[in-house]
Amino acid sequence: MVNAVASGAEARAATRNADVWRVLESVPDPEIPVLSVVDLGIVRHVRWEADGRLHVGLTPTYSGCPATEVIRAAIE
């Protein structure tokens, strides 16, 4: 029974993460809109905090990238 509960929780977590990645794939790069932030490889991770908040880790294509704040706002 414990394994079934763990498997169900793991399946829900995997689905939730897949949903987040699908949304991120729809966020366009402001400078090259035919590419998503996922295509650019700037999304480093998707993590759920213990309190249920989502944390999306980003690494800009270069330090000082002027589009970083625009991308962050689009993801939020």
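A residue is called buried under 20% relative accessible area, exposed over 50%, and partly exposed in between, with a 1.4 Å probe and protein chains only. The model is predicted, so local features need pLDDT of at least 70 and side-chain atom pairs count only at pLDDT 80 or more, whereas totals for chains, interfaces and linings use all residues. Residues are numbered from 1 along each chain as its sequence is written, and side-chain values use heavy atoms, with hydrogens and water left out.

Three salt bridges are present in the structure, a salt bridge being a side-chain nitrogen of Lys or Arg within 4 Å of a carboxyl oxygen of Asp or Glu. Asp19 pairs with Arg22, with 2.3 Å between the closest N and O atoms. These two residues belong to helix H1 (residues 2–24) and lie three residues apart, about one turn of the helix; helices (H or I, at least four residues) and strands (E, at least two) are DSSP runs numbered from the N terminus. Asp19 counts as partly exposed because its relative accessibility is 35%, and Arg22 counts as partly exposed because its value is 49%. In helix H3 (residues 68–75), Arg72 and Glu69 are three residues apart and therefore separated by about one helical turn. Their salt bridge has its closest N and O atoms 2.4 Å apart, and Arg72 is partly exposed, with a relative accessible area of 35%. The remaining salt bridge joins the side chains of Arg53 and Asp51 (2.8 Å, N to O); both Arg53 and Asp51 are exposed.

In soluble globular proteins, nonpolar side chains tend to be buried together. A nonpolar core is defined here as a set of buried Ala, Val, Leu, Ile, Met, Phe, Trp, Tyr and Cys residues joined through side-chain atoms within 4.5 Å. The largest such core comprises 10 residues, namely Val20, Leu24, Val27, Val37, Ile42, Val43, Val46, Cys65, Ala67 and Ile71. H1 and strand S1 (43–48) each contribute at least two residues to this core. With neighbours within four places in sequence left aside, Ile42 is in contact (heavy atoms within 4.5 Å) with Val37, Gly57, Leu58, Thr59, Pro60, Thr61 and Ile71.

Trp21 is located in helix H1 and is partly exposed, with a relative accessible area of 29%. Beyond residues up to four places away in sequence, Trp21 touches Val38, Val43 and Val46. The C-alpha atoms of Trp21 and Val46 are separated by 7.9 Å, although the two residues are 25 apart along the chain. Ser36 occupies the loop between H1 and helix H2 (37–40). Ser36 counts as buried because its relative accessibility is 5%. Residues up to four places away excluded, Ser36 touches Leu24, Glu25, Val27, Pro28 and Asp29.

Pockets were located on a 1 Å grid over the protein atoms alone, a pocket being an open set of points where a 1.4 Å probe fits, with protein on both sides within 12 Å along at least five of seven lines; lining residues have an atom within 4 Å of a point. Grid points are joined across faces, edges and corners, and a volume is the space filled by probe spheres set on the points. The largest pocket has a volume of about 220 Å³. Its lining consists of Val20, Val23, Leu24, Val27, Leu54, Val56, Leu58, Arg72, Ala74, Ile75 and Glu76. H1, strand S2 (54–58) and H3 are the elements that give two or more residues to this lining. The lining contains nine nonpolar, no polar and two charged residues, where Ala, Val, Leu, Ile, Met, Phe, Trp, Tyr, Cys and Pro count as nonpolar, Asp, Glu, Lys and Arg as charged, and the others, Gly among them, as polar.
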